[in-house]
Amino acid sequence: MKRIIAFVLALSLLLLCFVGCDKKPANNGMAQSGGKVEGPAKVEYGAAAAETQLSNTYKLLHSGDKKLTIGYLGGSITYGGSAAKPLKGVKGDIELSYVNRVSAWFKETYPEATIETVNAGVSDTATNFGIFRLEKTLMNTDGHDMPDLVFVEYTTNDWFYDTQAKEDLLIQIESLIRNIWELNPYAEIVFLSTQREFKNDSIKAYKEVAEKYNIPYIDVGGPLRTAIKEKAGKLEEDSGTYYYTIDNLHPSAAGYEVYFNTIKPALSEKLNFEIKDWKLYDYKANLKAPAYKNLIDKPTIITSDMLTVSGAATVVQLPVSVGMYDTGKSVINKTLLQNCADVKGKATITGKFNGATLGMLFNIKGGDKEFSLRYQIDGGEWQDFGVNSKKWSFQQYAHAQAFMFAHNLSDGEHTIKIEFEDGAETYFGGLLVNGK
């Protein structure tokens, strides 16, 4: 009888252990903290299926070292200097730009994670220039980790520099995101639309690419447009009564608050889901064929010292730089080129390049120093181009600026001849091409 009782007890213990002791935890082995599922101690990399947009961002915030490096790429609105200008009834502070507000939100929302910010907003730059400065000004490890999450803000400047057709913008936008993934295959991208006019090609182009690549698209220009209309009773603000902008274009601290109040709930919604596969999604490994032809997959600047310069122009050791906020508080200069051609009148520049793309980079001298030129590709028809500092006020101060002229040249080598007219004054940085 004792043996039977002992056997029954042993069997009962065995069954209990089978049912309870060896049961796998409901969270697939992930540690839990405060009821929130955390990731593994080590982040894994692979071509795992992404559950939703920003899944890699979520995983980095909850697993491994719990560190996220956020990059911001755009023009003056991303640069954020207008947030520091005080207006009547509006406190000015650079910390109130959308870049600093979003970064602060990440730090407050994920206190256990280390949040690093790289602000590569450069005034008067559009998508075309963003492609060619991407690696030097943002997607690198120069004093920071490689960015994991990149906000792209170019709809306003792509519209303002209205010399480009929608077809050109589509090529540039797709080229930009594929170059981001070339430099970091696991980076995630968010498009911010700051343009307050809804019919322009820049908005249409960014929306189209966002849909094709499943990239989050957040419209902050629309809410700002509504706020201005509700306060002023019209779509424009006037000098002396500015509130949401400082000049009817650049947001004030109050305008940036409207941006942030739109971005915050969009991010909260997309970063609120459960993860089953903790491998980071490899965007580069899962890329499909390009949606558009003649993408810029090898953005290259052919500098002036690699070209033949004659006439009233001389190659000088003068760096071509762009100004950015490093941590959102102090301005630094990032050097793109070490030299340029100092044009002081009638001059000629000739050279060779490869690929379907041609653009030019200038360091505008500022003031009333205008210039006109004409260029010829492969001995074809001459094309005219010029910068009028009297027409556009932003051309009256020194800055680097890119202009694109062709995206549909034939593959192979091409020749270029540039002739500056009398009275031209500028610094010529080089040719913007796809490959050397």
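Q: What does buried mean here, and which residues of H5 are buried?
A: Buried means under 20% relative accessible area. This is a predicted model. In H5, the buried residues are Thr127, Asn128, Phe129, Gly130, Ile131, Phe132, Arg133, Leu134 and Thr137. The helix spans residues 127-137 and is mostly covered, with nine of its 11 residues buried.

Q: Where does Ser175 lie, and is Ser175 buried or exposed?
A: Ser175 sits in helix H7. Its relative accessible area is 1%, so Ser175 is buried.

Q: Which residues does Ser175 touch, beyond those up to four places away in sequence?
A: Ile131, Leu295 and Ile296. Ile131 is one of the buried residues of H5. Ser175 and Asn128 are 47 residues apart in sequence, yet their C-alpha atoms are 9.3 Å apart in space.

Q: Which backbone atom lies 2.8 Å from a polar atom of the Ser175 side chain?
A: The backbone nitrogen of Ile296. Ile296 is also among the residues that Ser175 touches.

Q: How do the lining residues divide into nonpolar, polar and charged?
A: There are 12 nonpolar, four polar and five charged residues.

Q: How do side chains run along a strand, and how many residues of S10 are buried?
A: In a regular strand the side chains alternate between the two faces of the sheet. Strand S10 covers residues 299-303, and four of its five residues are buried.

Q: In which sense do S10 and S20 pair, and what stands opposite Ile302?
A: S10 and strand S20 (residues 426-434) pair in the antiparallel sense, over five bridges. Opposite Ile302 stands Leu431 of S20.

Q: Where is His399, and which side chain does His399 join in a polar contact?
A: His399 is found in strand S18, residues 399-406. Its side chain makes a polar contact of 2.8 Å with the side chain of Gln401. His399 counts as buried because its relative accessible area is 9%.

Q: Where is Ser63, and is Ser63 buried or exposed?
A: Ser63 is in the loop between helix H2 (55-62) and strand S4 (67-74). At 3% relative accessible area, Ser63 is buried. Its contacts, leaving aside neighbours within four places in sequence, are Gly39, Pro40, Val43 and Trp278. A polar atom of the Ser63 side chain also lies 2.4 Å from the backbone oxygen of Lys59.

Q: What is phi of Leu54, and where does Leu54 lie?
A: Phi of Leu54 is near 65°, a positive value in a residue other than glycine. Leu54 lies in the loop between strand S3 (44-45) and H2. With a relative accessible area of 2%, Leu54 is buried.

Q: What is phi of Asp378, and where does Asp378 lie?
A: Asp378 has a positive phi of about 55°, although it is not a glycine. The residue lies in the loop between strand S16 (371-377) and strand S17 (383-387). Its relative accessibility is 42%, so Asp378 counts as partly exposed.

Conventions:
Residues are numbered from 1 along each chain as its sequence is written. This is a predicted model: local features need pLDDT of at least 70, side-chain atom pairs count only at pLDDT 80 or more; totals for chains, interfaces and linings use all residues. Side-chain values use heavy atoms; hydrogens and water are left out. Buried means under 20% relative accessible area, exposed over 50%, partly exposed in between (1.4 Å probe, protein chains only). Helices (H or I, at least four residues) and strands (E, at least two) are DSSP runs, numbered from the N terminus. Two strands pair if DSSP finds at least two bridges between them. A polar contact is a pair of N or O atoms within 3.5 Å; within protein, one must be able to donate a hydrogen and the other to accept it, and residues adjacent in sequence count only if both atoms are side-chain atoms. Ala, Val, Leu, Ile, Met, Phe, Trp, Tyr, Cys and Pro count as nonpolar, Asp, Glu, Lys and Arg as charged, and the others, Gly among them, as polar. Contact means heavy atoms within 4.5 Å.
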